[in-house]
Amino acid sequence: MAISKSSTTPSTWEELGAKKREELLSSIPKEWLIPGNLLPPESQDDITAWPEISGWFTPDELEITNLTATELVPRLASGQLKSEHVTRAFCKRAAAAHQLTNCLSETCFDRAFATARALDEHLAQTGKPVGPLHGLPISLKDNFNLQGLDATVGFASHVGHPAKSDSALASLLEDAGAVFYVKTNVPTAMMIAETVNNVFGRTLNPRHRKTTSGGSSGGESALIVMKGSPLGVGSDIGGSLRIPAACTGIFTLRPSAGRFPVRNTRSGMPGQEAVQSVNGPLATTLGDVELYSKSVVDGKPWLRDPRCLPIPWRDVQLPAKLRIAVMWHDGMVKPTAPVTRALQETARKLKAAGHDLVDWDPVDQKQGLDLLARMFVADGGTAIRKELQRTGEPWRPEMEEYQVAKELGTYDMWLMHLERTEFQNRYLDRWNKAGIDAILCPTIPFNTVKNGTFKHVGYTGVYNVLDYSSISFATGLSVDKNIDKVDASYEPLGPVCKAINEEFDVETMHGLPISLQLVARRLEEEKVLAIGKRVLEVLS
């Protein structure tokens, strides 16, 4: 381990982490530090109501931060609300969210106020908004580069090495009128399904602080549930958008590669392209997810990032009668009782509304998950190991698979690519033969889990291998300890299935939201959002 040469130049991973946490806390203005007598006790699990009942926010601040992005945009564009005023309210609420859940990694409040003031001045002088997101505060996951800020992605080695320029997505969003003010916490290398690392520590789920907010975009999901952000951007390589959305009961879109720009974003495993990382929005409504998605595509991202496809946003006309396949389980892990109930209830209501429902055979899911797992560790964990070695930072226990992995040679990697292509071909052929519009299935086998106990990314990760468009949506249902009991006929599909269902604590989860996933084919973002709206209408 490196030894610190002086007290001012931290070089051990512990010193770097301590320095970063101290800098983050000191970036919060003193007037936004919650007085000790107003803090909820550590034993209080659900803190979502704290902003309303604490007395620490003004009625005006609460009114602004309780608005959705779709409600804020027209008020900002018309000048009814000033961007600087709105931004200040979200900055304060984000600062509070961080103190209660540890959800942030960076703040840039001065940049936010300068941007917001310039937008207000532009509107006053021209009478026209800058773009479709004029004046809207948007939070970004830690991996999106913003000039002058670190993008540690959970590594101590990246502390104190600020980005020299903004990511392509950030530039596009700012041109559309967005205001950046915070970046949010992620797990080490963004490769854990919970948000925990050796630099910032663990992000908690505001709905129940003994449970996970998911990963790797778990800082975003926690911040959004606390209404410290009206709209956030995360990324997804194996479920990193959908898992946090499901753990906290919010909405997200996992787009196919090529719809949203990835240029100049930091990866936890640079150069890994067997399964592509994509980015997308997280919000409290599906309407906000669509607002963001259309705004990004309307910004012609293909002119900023050569990986983006020149596909404009398309209007989708759905048939009156949808054909939806239900995947009741993935052949590896049966969902827990509340998720099974939500799936049954949703299928029943869709059928009653006249839609055609068929069962989806999970025959291919295991191979898809196996491919994902092998792709992730194809370098033998070298990319992550090299970052950790730079400061002597230890491996986190959640990353054992990377620590013990053996590197593949080029030929074996090529064979795996061939297997992936064959898998994608077979899945598409099965889809087309079934004549379906979408698959309805769990996002995760549970609603969330206690911190440190997440298992199984099979329900999300297979669709990363396929590169399919998918959403995770809150069903409006919540866990009920009186009815969500393990079925007497339950037989585990294997040891992981057994562990998940045995460990599920319905007492802890009582009252927490249940989410499901809708999957469409590749590059069908508009269609999967339209189907999502249809499903939500049926559920309501």
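Modeller: The residues lining the largest pocket fall into 18 nonpolar, eight polar and seven charged. Here Ala, Val, Leu, Ile, Met, Phe, Trp, Tyr, Cys and Pro count as nonpolar, Asp, Glu, Lys and Arg as charged, and the others, Gly among them, as polar. This is a predicted model: local features need pLDDT of at least 70, side-chain atom pairs count only at pLDDT 80 or more, and totals for chains, interfaces and linings use all residues. Residues are numbered from 1 along each chain as its sequence is written, and side-chain values use heavy atoms, leaving out hydrogens and water.

Biologist: Which residues lie nearest the centre of the largest pocket?

Modeller: Rolling a probe the size of a water molecule over the atoms shows where empty space is left. In the largest pocket, Glu-401, Phe-454, Lys-455, His-456 and Val-457 lie nearest the centre. A pocket is an open set of points on a 1 Å grid over the protein atoms alone, where a 1.4 Å probe fits, with protein on both sides within 12 Å along at least five of seven lines; lining residues have an atom within 4 Å of a point.

Biologist: At what angle do α10 and α19 pack?

Modeller: Two packed helices are described by the angle between their axes and the distance between the axes. Helices α10 (residues 286-298) and α19 (residues 525-539) pack at about 165 degrees, with axes 10 Å apart. They are therefore roughly antiparallel, a term for angles over 145 degrees. Angles run from 0 to 180 degrees between N-to-C directions, and axes are lines fitted to C-alpha atoms, for helices over the stretch in contact. Helices are DSSP runs (H or I, at least four residues), numbered from the N terminus.

Biologist: Which residues of α10 make the contact?

Modeller: Leu-286, Val-289, Glu-290 and Ser-293 of α10 meet Leu-529, Gly-532, Lys-533 and Leu-536 of α19, where contact means heavy atoms within 4.5 Å. These contact residues divide into four nonpolar, two polar and two charged.

Key:
Helices (H or I, at least four residues) and strands (E, at least two) are DSSP runs, numbered from the N terminus. Angles under 35 degrees count as roughly parallel, over 145 as roughly antiparallel, 65 to 115 as roughly perpendicular and the rest as oblique.
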